[in-house]
Amino acid sequence: MPRTRLLVVDDDPQIQRMLNSQLSARDYEVRVVSNGPEALLAVADFEPNLVLLDITMPGMDGLEVCRQLREWSAVPVILLTAAEAPQTKMTALDLGADDYLTKPFHMGELLARVRAVLRRSAAGPSPPAAVVRVGDLTIDLPRREARRGDELVKLTKTEFDLLRELVTHADKVLTYRHLLNAVWGPEYDDIHYVHVHVGNLRRKLEGGPTGPHLILSVPGVGYRFRS
């Protein structure tokens, strides 16, 4: 059975050696390149199952590599970044990255994220279920209804549109910009709309003494619906 192929793109020799050693020891087939142009060529030649891509490289940075890659390839990408700036993370996700990890990272966390992204990639895209059930919450997308147990939850049109966007991308981080474009339209740029309506959804769907457990915050980046 062929081994899973991972492409590592990083200009730091220490990171290159560490990732090559750790990933190869877990039976991944690894190729390492040092810059953006080499990365684009390697994706075409090596045909990796996943790319680990550093953002802060000289010349063509990881964001530009991701942008160009998404013009012709759907290969999963995990971006590695030393930047804590939320805007960088939002941009990465908007450009099509599947996940990101902030340096310095624990190798165990990186391996877990690699396995998770590979699982999602192997499963392939699937159409969202018409009716989604999470605990006592039932969301009927065709009927535009949400119920807690047998009780109908009254949602506005915008609240349901926002809920539908989150549910149909369950377990994936959706950036504020993505949610604004999908629900309100590209002419809106005030993320306050998103925060207010997420707050309303949480109050109506997750009422209780505990903190949010369905619509989770990714601070400075966006929200994720936990299935």
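**Entry 1: the chain as a whole**

I took helices (H or I, at least four residues) and strands (E, at least two) as DSSP runs, numbered from the N terminus. Counted this way, the secondary structure of the chain comes to eight helices and 12 strands. The model is a predicted one, where local features need pLDDT of at least 70 and side-chain atom pairs count only at pLDDT 80 or more, while totals for chains, interfaces and linings use all residues. Residues are numbered from 1 along each chain as its sequence is written, and side-chain values use heavy atoms, with hydrogens and water left out.

I looked up the extent of the chain: its C-alpha trace spans about 55 × 40 × 35 Å along the principal axes. For burial I used relative accessible area: buried is under 20%, exposed is over 50%, and partly exposed lies in between (1.4 Å probe, protein chains only). Of the 227 residues in the chain, 43% are buried. A contact means heavy atoms within 4.5 Å. Among the contacts in the chain with a separation of 6 or more, 56% are between residues 24 or more positions apart.

**Entry 2: the sheet of five strands**

I noted that strands of a sheet pair through backbone hydrogen bonds, either parallel or antiparallel. Two strands count as paired if DSSP finds at least two bridges between them. In what order do the strands of the open sheet of five strands stand? The order is β2-β1-β3-β4-β5, and the pairing is parallel. β2 (29–33) and β5 are at the edges with a single partner strand each, so one side of each has no neighbour in the sheet. From one strand to the next, the twist averages 20°.

β3 (residues 50–54) and β4 pair in the parallel sense over four bridges, and L53 stands opposite L79 in β4. Helix α3 packs on the sheet and touches β3 and β4; its direction makes about 145° with that of β3. For such angles, axes are lines fitted to C-alpha atoms, for helices over the stretch in contact, and the angles run from 0 to 180 degrees between N-to-C directions.

**Entry 3: helix α4**

Which residues of helix α4 (residues 86–94) are buried? They are T88, K89, M90, A92 and L93. I then looked up what they pack against: α3 (62–69), β4 (77–81), β5 (99–102), β10 (174–175) and α7 (176–184). After α4 comes G96, with a positive phi near 115°.

**Entry 4: the sheet of three strands**

The open sheet of three strands has the order β10-β12-β11, with antiparallel pairing. β10 and β11 (215–218) stand at its edges; each has a single partner strand, so one side of each is without a neighbour in the sheet. Two bridges join β10 to β12, and T175 stands opposite G222 in β12. Helix α8 lies across β11 and β12 and runs at about 145° to β11.

**Entry 5: α6 against α8**

The axes of α6 (residues 157–167) and α8 (residues 192–205) come within 10 Å and cross at roughly 90°. That makes α6 roughly perpendicular to α8; angles under 35 degrees count as roughly parallel, over 145 as roughly antiparallel, 65 to 115 as roughly perpendicular and the rest as oblique. From α6 the contact uses T158, E159, L162 and L163, and from α8 it uses V194, H197, V198, N200, L201, K204 and L205. I sorted the residues of this contact into six nonpolar, three polar and two charged. For this sorting, Ala, Val, Leu, Ile, Met, Phe, Trp, Tyr, Cys and Pro count as nonpolar, Asp, Glu, Lys and Arg as charged, and the others, Gly among them, as polar.

**Entry 6: aromatic pairs**

Rings of Phe, Tyr and Trp (its six-membered ring) pair if their centres lie within 6.5 Å; planes under 30 degrees apart count as stacked, over 60 as edge-to-face and the rest as tilted. By this rule I have three aromatic pairs. Y176 and Y223 form an edge-to-face pair, with 5.8 Å centre to centre and 70° between the planes. The pair links distant parts of the chain, with Y176 in α7 and Y223 in β12 (residues 222–225), 47 residues apart. Both Y176 and Y223 are buried.

W184 and Y193 form a tilted pair, 6.0 Å centre to centre with 40° between the planes. W184 is buried, with a relative accessible area of 14%, whereas Y193 counts as partly exposed at 34% relative accessibility. W184, Y188 and Y193 form one aromatic cluster.

**Entry 7: L214**

L214 lies in the loop between α8 and β11. Is L214 buried or exposed? L214 counts as buried, because its relative accessibility is 5%. Leaving out residues up to four places away in sequence, L214 touches V134, L137, E206, R224, F225 and R226.
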